[in-house]
Structures are given as structure tokens and as C-alpha cells.
Amino acid sequence: MRWLALLGVNLFAAFCFVAIKIGLAYAPPLAFGGLRALLGGASLLIVAAATGQRVRPARQDLPTLTLLGLTATTATYGAMFGSPALMDAGLASVLGNVQPLLILVFAAMMLGEPLTRPKLLALLAGLAGVALILSPSFGPASRGAGMGAGLALTASAGAALGSILFKRSKVRTGVVATTGWQLTIGSVPLLAAAMIWSGPQVRWTAEFLGLLAFLALLGTALPTTLWFWLLQREEDAGRLSMFLFLTPVLGLASGVAVLGDRIRLIQGLGVLVIAGGLFAVSEKPRSWRRPSVPLQRQ
């Protein structure tokens, strides 16, 4: 079940940047990102209520939920929806999904997780692979690529920090409702900024509604809940995050298949280097261990 959840997280996340690239023709980035988060969060809160789970957050949980919303949603989605407008969707997917590197660092700093030799090897392989994949995109002819890369990296940083904050959190609501509140709270600053800067410039076509539904439900609500569920059950967040390196590989493939992006030889080499790093960290996997205390019943 855990491996299926990991596969689902990677697959849905990989196609997000392609869907965003297409959808930006119908909506400004901040409005698009805010609508995605709001619809995804509202759907999860409805599911939690319909299945009898606790939905109303405790007062003492509000600061944690707000911080989760500002990092994992506002910062992440605000930057994520801006980057594909300035660079290829496949390359934006690579930089927008390097949170495994950042999670290793944040987990060592905030959770006290050790940087073991396999982790360091995977970290170095990931850095080298990402560098190889991105190397052809920063030539003199690539206008705006630097800003696009910065936005994509900001999205990775927000997602990584949100994962660590969730790992440390002691909120009393279940994982579905927690994810729903995080997305809903984080959507408010995005939508407010969109109204101030760009106004209601959304073209509500059937294609846009389909893209929004995919991003909100299959690209947000489902994989985010699966990821938080995995974080609850795996004690080592850094090791778990290494498997997110599959996302940029799949993201490049989706860019080729859907948008006609072309992968150069050096980028293919980068994919192989990332795969080698994944093998290094999973060659002698620790058993998936359950938490020492029972999880809260949802």
C-alpha cells in the first residue's frame, strides 16, 4: 500500500506542471493557483465531514494550520504557477520537485535525522542529476529562465518546509481534514493577491474547468493527503523524500509526451544519475516501521 501511495504521489505531481502550462492560457498564475488550492481543500473537508471525521480544528491547532497553509500552499503554489510561464514545463517540474534535497537538510536541522552515507550519496546524485538536466536551459538565448528557475526552487522550498512542519505537528484533526484546512487557508492570500494585481481575468472554458478539476482533485487533494499519510508512518522523512526524485524524471517525460519538449543527451544522463541515487538509498532499505504510539483515529 505504501509503495502504491508513493507511486501515486509521483505520477500526479509529475503531470501538474504540464497541466499548469496549458491552463495559464486561461487564468493568471496566482488566481489559477488559489482556485486549485481552494477547490482541493474544500473537497477534502467535505470528504472528512461525510466520513465522520473531525473537521473543526481545535483553537490551539490554528497557528500550526496557518503556518502549514502559508508554506506548503501559499508559497509553494504561488511560485509553482509562475515558473512554467517562464520556462519549459518539464524543466520547471525538475526544479519544482527537488524538495527531497531540501527535506534532507531541513530534517537534519529540525528533526535531528542523521545524514547517513546512502542519504549523502543520493543527495549528491540528485544535485548532479538536476544540474545535468537543467544545464542546456540557461544559455544566452534563454530569456527569463533564471526567474523561472528561482520560482520553481521556491516552490520546492515551500513544499519541503511544509512537510517538515507537518512531521513535527501535533494537530488533533485527522490527516484528511488537516490537508483540507492547509489548502483552504493557504488559498486565501493567493486569491487576495490575484484580485489586487490581476483582477478576475479567468476564462471559464470547459478545458480550463477540466484542468482545474484535475489539478485540484488528482494533482492536489489526493497526492497531498497520501504524502502526509506516508509522513505519519515513516519515521525517517529524509529517506522517504528520496523517492520524490521520481517526480522530475516523470515530469520531463510528461513534457515530451504532451507538449513536445525535447530531451537532450545530457538531460538523459541526468535522469540516469538520479536513478542511481535512488538505488543507493533504497539498496538496503530499513523496514517500514509503524509509529511507537497509535495514530489518531480518523
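Q: Why is the crossing of α2 past α9 called right-handed?
A: α2 passes α9 in a right-handed crossing, a term that applies if the near helix is turned clockwise from the far one by less than a right angle, anticlockwise being left-handed. The model is predicted, with local features needing pLDDT of at least 70 and side-chain atom pairs pLDDT 80 or more, while totals for chains, interfaces and linings use all residues. Numbering runs from 1 along each chain as its sequence is written, and side-chain values use heavy atoms, without hydrogens and water.

Q: What makes α2 oblique to α9?
A: The axes (lines fitted to C-alpha atoms over the stretch in contact, with angles from 0 to 180 degrees between N-to-C directions) lie 8 Å apart at about 55 degrees. That angle makes α2 oblique to α9, since under 35 degrees is roughly parallel, over 145 roughly antiparallel, 65 to 115 roughly perpendicular and the rest oblique.

Q: Which residues make the contact of α2 with α9, and how do they divide by class?
A: Contact means heavy atoms within 4.5 Å. Among the residues involved are Phe 32, Leu 35 and Arg 36 of α2 and Phe 208, Leu 212 and Ala 213 of α9. The classes are eleven nonpolar (Ala, Val, Leu, Ile, Met, Phe, Trp, Tyr, Cys, Pro), five polar (the others, including Gly) and one charged (Asp, Glu, Lys, Arg).

Q: What makes α8 oblique to α9?
A: Helix α8 (residues 175–197) and α9 cross at roughly 125 degrees, their axes coming within 9 Å, and that makes α8 oblique to α9. This crossing, too, is right-handed. Val 175, Val 176, Thr 179, Gln 182 and Leu 183 of α8 meet α9 residues including Phe 228 and Trp 229. The contact holds five nonpolar, six polar and no charged residues.

Q: Why is the pair of Phe 32 and Phe 81 edge-to-face?
A: The structure holds five aromatic pairs. Rings of Phe, Tyr and Trp (its six-membered ring) pair with centres within 6.5 Å, and planes under 30 degrees apart are stacked, over 60 edge-to-face and the rest tilted. The centres of Phe 32 and Phe 81 are 4.9 Å apart and the planes stand at 70 degrees, so this pair is edge-to-face. Phe 32 is in α2 and Phe 81 in α3, so the pair ties together parts 49 residues apart in sequence.

Notes:
Helix = DSSP H or I, 4+ residues; strand = E, 2+ residues; numbered from the N terminus.
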